[in-house]
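Hi everyone, and thanks for coming. Please have a look at the model on the screen, and I'll walk you through a few spots in it.

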Amino acid sequence: MELIHLRILLALKRHGTLSAAADTLHLTQSALSHQIKNLEQRLGVTLWYKQGRSLVLSQAGRYLSEVAESVIATVDSAENHLAQLAKGKTGKLTIGIECHACYEWFRNILQPYLRAWPDLTVEVTSRYRFESFEAIRQYKLDAVLTSDPIDNGLLSYQPLFDFELVLIVADNHSLAGRAEITPDDLRGETVLTYPVVRERLDMFRKVLQPAGIEPAAHIPVEETDIMLQLAAAGRGVCLLPEWLLADKSAKLGLSGLRFANLPIGKTMYLACRHEDVGLEYLRWLVEHAGGTVAVEAKRIA
């Protein structure tokens, strides 16, 4: 038994004539009749009989048409779902977060993203931090937010937005108000960073270590909000994306300072498999990312 047989019986049940059923299925009447006769021979039952100018389903035909109702509905639903998956309109997105600041940005865009893709299941995880490439390769992740791309040719890195890292200090800090600072200004400071090895921390690899400076103290902090509150209380300074100040600068009394002749610009990327680049729900993130950061930047200004 093939799907075309079920579709024919369903069309006959709904329309009652051979010609109407044939038109609905874009078949000739003879082709339609031939398909059912072959099925009747294989099954050993009669599926329809003529009653005047109409066709009436037999008991076996009515039973099989009821089966067809369920089967065709399921198949049509599956085909539609697969078509939506192919277009990137539905499915499941498991997105990895490789940097702490990435969480802050994704949190800002999450609600409009969920509204834009109501049929998409979204899972956000940091479980595979620093092992995201392998997780994507093994299909444990579909995409990763990262500011440190690995150019191995096996993943597509789509730029989302550019940003600059600034030194964040309390408004009453001795450095606050300075037009520019230097790494040497941090010699006696306590630096607050995320709990990551120094080799991956921009505070050390881009600011302190190239200048040969060891800070007075180094305090790892898990949460961005806690780090900013510690900085606001004068318990240390931290290096974070400038747009993170949008919500906190006025409320907590924080200032962002730039280093003289040491611009620390970075780019946030969405990494995914090459074959997934065209998925619409991933393209949406790429197309709308910059706008979200622009809004935050205006709020700082």
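Let me start with a question: is glutamate 123 buried, partly exposed or exposed? Glutamate 123 counts as partly exposed, at 27% relative accessibility; buried means under 20% relative accessible area, exposed over 50%, and partly exposed in between, with a 1.4 Å probe and protein chains only.

A word on what we are looking at. This is a predicted model, where local features need pLDDT of at least 70, side-chain atom pairs count only at pLDDT 80 or more, and totals for chains, interfaces and linings use all residues. Residues are numbered from 1 along each chain as its sequence is written, and side-chain values use heavy atoms, leaving out hydrogens and water.

Back to glutamate 123. Its side chain meets that of lysine 92 in a salt bridge, 3.2 Å from N to O; the term means a side-chain nitrogen of Lys or Arg within 4 Å of a carboxyl oxygen of Asp or Glu. Lysine 92 sits in strand S3 (residues 91-97) and glutamate 123 in strand S4 (residues 120-125), so the pair ties together parts that are 31 residues apart in sequence. Helices (H or I, at least four residues) and strands (E, at least two) are DSSP runs, numbered from the N terminus. Lysine 92 is partly exposed too, at 45%.

How many salt bridges does the structure hold? There are 18. Another one joins aspartate 202 and lysine 206, at 3.8 Å from N to O. These two are 4 residues apart in helix H7 (residues 202-208), which means about one helical turn separates them. Aspartate 202 is buried at 12%, while lysine 206 is partly exposed at 30%. Both belong to a network of salt bridges that also links Asp148, Arg205 and Lys266.

Now let's move to helix H5. H5 covers residues 100-116, and its 17 residues reach 25 Å from first C-alpha to last, close to the 24 Å expected, that is, 1.5 Å times one less than the number of residues. Where is the kink in H5? Look at leucine 110, shortly before proline 112, for a kink of about 45°; the bend is the angle between axes fitted to the seven residues ending there and the seven starting there. Among the buried residues of H5 are Trp105, Phe106 and Tyr113.

Last stop: serine 65, in helix H4 (residues 59-87). Serine 65 is buried, with a relative accessible area of 1%. Leaving aside residues up to four places away in sequence, serine 65 touches Leu9, Leu10, Lys13 and Leu57, where contact means heavy atoms within 4.5 Å.
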